[in-house]
Amino acid sequence: MDFSVREAPASTEIVLSGRMTFADHDTFRDVIATFERPAGHRMVFDLSRLDFVDSSGLGMFIIARDTAQRRNLDFAIRGARDEVRRLITIAKFHTMFTIAD
């Protein structure tokens, strides 16, 4: 998995790309490091370039959500497509996350 960060005054967009698997735990720590923001800041995962996510990757989304909640950040996911969208639906993540599409 690769990621890039786009900053705006009130939000941070993290664009995930490639395949998100168990092997990406170390890289994901770098993603979580971007959550050092003031309370109320909006963190958005853009999944439009993510081709695949396994169960470990889904778990990383939960870690991100929990981190955002602890830091009083607004957290959303957007742009999931194809297989990633299907897995998010099957896992019922739409009931646990804000899906901003």
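Trainee: Which helix does Thr-67 lie in?
Mentor: A friendly reminder before we start: this is a predicted model. Look for Thr-67 there, and you will see that this residue belongs to helix 2.

Trainee: Which residues is Thr-67 in contact with, leaving aside its neighbours within four places in sequence?
Mentor: Good question, as Thr-67 is a residue of helix 2. Once the neighbours within four places in sequence are set aside, the contacts of Thr-67 are Ile-32 and Phe-35.

Trainee: What is the relative accessibility of Ala-64?
Mentor: Ala-64 is found in helix 2, which covers residues 55-70. Ala-64 counts as buried because its relative accessibility is 0%.

Trainee: How far apart in space are Ala-64 and Ile-32, C-alpha to C-alpha?
Mentor: Ile-32 is among the residues in contact with Ala-64, along with Phe-28, Phe-35, Phe-45 and Phe-75. In sequence, Ala-64 and Ile-32 are 32 residues apart, but from C-alpha to C-alpha the separation in space is 6.6 Å.

Trainee: Which residues of helix 1 are buried, and why do they line one face?
Mentor: An α-helix has 3.6 residues a turn, so residues three or four places apart point the same way. In helix 1, the buried residues are Phe-28, Val-31 and Ile-32. Viewed down the helix axis, these buried residues of helix 1 line one face because they fall within an arc of 95°.

Trainee: How many aromatic pairs does a search of the whole structure find, and how are the planes of Phe-28 and Phe-45 set?
Mentor: The search finds 7 aromatic pairs. For Phe-28 and Phe-45, the ring centres are 6.3 Å apart and the planes are at 85°, so this pair is edge-to-face. The pair links distant parts of the chain, with Phe-28 in helix 1 and Phe-45 in strand 3, 17 residues apart. To collect both values: the total is 7 aromatic pairs, and the planes of Phe-28 and Phe-45 are at 85°.

Trainee: Are Phe-28 and Phe-45 buried or exposed?
Mentor: Phe-28 has 3% relative accessibility, so it counts as buried. Phe-45 has a relative accessible area of 0%, so Phe-45 is likewise buried.

Trainee: Over which ring does the charged end of Arg-65 sit?
Mentor: There are charged ends over rings here, one of them being that of Arg-19, which sits over the ring of Phe-52 at 4.2 Å from its centre. The charged end of Arg-65 is 5.5 Å from the centre of the ring it sits over, and that ring belongs to Phe-97.

Trainee: How wide is the arc of the buried residues in helix 3?
Mentor: Helix 3 has Val-84, Leu-87 and Ile-88 as its buried residues. They sit on the same side of helix 3 because their arc around the axis is only 100°. The face turned away carries the exposed residues Asp-82 and Ile-90, while the arc of the buried residues is 100°.

Trainee: Which strands stand at the edges of the open sheet?
Mentor: The sheet has 5 strands in the order 1-2-3-4-5, with mixed pairing. A strand with a single partner has one side left without a neighbour in the sheet, and so the edges are strand 1 and strand 5.

Trainee: How many bridges join strand 1 to strand 2?
Mentor: A hairpin links strand 1 to strand 2 through 3 residues. Arg-6 stands opposite Glu-13 in strand 2. Strand 1 and strand 2 run antiparallel, and the number of bridges joining them is 6.

Definitions and conventions:
Residues are numbered from 1 along each chain as its sequence is written. This is a predicted model: local features need pLDDT of at least 70, side-chain atom pairs count only at pLDDT 80 or more; totals for chains, interfaces and linings use all residues. Side-chain values use heavy atoms; hydrogens and water are left out. Helices (H or I, at least four residues) and strands (E, at least two) are DSSP runs, numbered from the N terminus. Buried means under 20% relative accessible area, exposed over 50%, partly exposed in between (1.4 Å probe, protein chains only). Contact means heavy atoms within 4.5 Å. Rings of Phe, Tyr and Trp (its six-membered ring) pair if their centres lie within 6.5 Å; planes under 30 degrees apart count as stacked, over 60 as edge-to-face and the rest as tilted. A charge sits over a ring if NZ of Lys or CZ of Arg is within 6 Å of the ring centre and within 35 degrees of the ring normal. The arc is that of the directions from the helix axis to the C-beta atoms. Two strands pair if DSSP finds at least two bridges between them.
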